[in-house]
Amino acid sequence: MSCSLIIDARRQLRWHERLLSDASTAILWSGWLWLCLPLLRAYASLAQLGPRLSPALPDLLALGSEDVLGQSVVALIGASGTLMAWNRLPARRARAAPALSPREQAQYFELPEQELRAGREAAVVVVHHDAQGRIVRLEQRALCAHAEDRAA
């Protein structure tokens, strides 16, 4: 049993499920590369210019007017300021309330305290709700119960 936070269930998949997973992954990667194709073409064009790029650069910059250059500077400053403000957001997080004890949690959810403690220690817990959405029962399961069911 792995303790990794990333669930890797490839070994538990049947061959046709694994084939479908691999094919969909290849299709998604192909789509992503296809979306990047214009950028790659532009990079290839710039790479072909190579040493000739330096004389061509003033011509490329001359295509834009002073207004475009001013707007670009404002956009750059605005984006930089936004990113700097974004960087400071985690420092202003609200304080978390102190955690409730298991007894208080059990009283809040109207569950037996022992069932709540067992659920906290279990690897997998299935939470059952009633029609109003309240938690009515916690069911503890083994981490590999799903794989054992398939093997049987």
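**Close-up A. R141 is partly exposed, with a relative accessible area of 41%.** The model shown here and in the other views is predicted. R141 is joined to E139 by a salt bridge, in which the closest N and O atoms are 3.3 Å apart.

**Close-up B. A salt bridge links the side chains of D130 and R134.** The N to O distance for D130 and R134 is 3.1 Å. D130 has a relative accessible area of 22%, which places D130 in the partly exposed class. This bridge is one of five salt bridges in the structure.

**Close-up C. The side chains of E113 and R103 meet in a salt bridge.** The distance in this bridge is 3.5 Å from N to O. Because E113 belongs to helix α5 and R103 to helix α4, the pair ties together parts that are ten residues apart in sequence. E113 is partly exposed at 23% relative accessibility, whereas R103 is exposed at 54%.

**Close-up D. Helix α5 (residues 113-121) has three buried residues: E115, L116 and G119.** Around the helix axis these residues cover an arc of only 100°, so they lie on the same side of α5. What covers them? The cover over the buried residues of α5 includes α4 (102-109), β1 (124-129) and β2 (135-141). Which exposed residues sit on the face turned away from the buried side of α5? That face carries Q114, R120 and E121. As background to such an arrangement, an α-helix has 3.6 residues a turn, so residues three or four places apart point the same way.

**Close-up E. W29 and W32 form an edge-to-face aromatic pair, one of two aromatic pairs found in a search of the whole structure.** Their ring centres are 5.8 Å apart, and the planes make an angle of 80°. The angle is over 60 degrees, the cut-off for edge-to-face. W29 and W32 are three residues apart in helix α1 (residues 15-49), so about one helical turn separates them. W29 is exposed, at a relative accessible area of 54%. W32 is partly exposed, at 48% relative accessibility.

**Close-up F. The rings of Y108 and F109 make an edge-to-face pair.** The centres of these rings are 5.0 Å apart and the planes stand at 85°, which is why the pair is classed as edge-to-face. Y108 is exposed, with 63% relative accessibility, and F109 is partly exposed, with a relative accessible area of 33%.

**Close-up G. Confidence in the protein chain is highest in β1 and lowest in helix α6 (residues 145-151).** The mean pLDDT is 90 in β1 and 53 in α6. For the protein chain, the average pLDDT is 79, and 76% of the residues score at least 70. The strand β1 is also among the elements that cover the buried residues of α5.

Methods:
Residues are numbered from 1 along each chain as its sequence is written. Side-chain values use heavy atoms; hydrogens and water are left out. Rings of Phe, Tyr and Trp (its six-membered ring) pair if their centres lie within 6.5 Å; planes under 30 degrees apart count as stacked, over 60 as edge-to-face and the rest as tilted. Helices (H or I, at least four residues) and strands (E, at least two) are DSSP runs, numbered from the N terminus. Buried means under 20% relative accessible area, exposed over 50%, partly exposed in between (1.4 Å probe, protein chains only). The arc is that of the directions from the helix axis to the C-beta atoms. Contact means heavy atoms within 4.5 Å. A salt bridge is a side-chain nitrogen of Lys or Arg within 4 Å of a carboxyl oxygen of Asp or Glu. pLDDT is the predictor's confidence in each residue, from 0 to 100.
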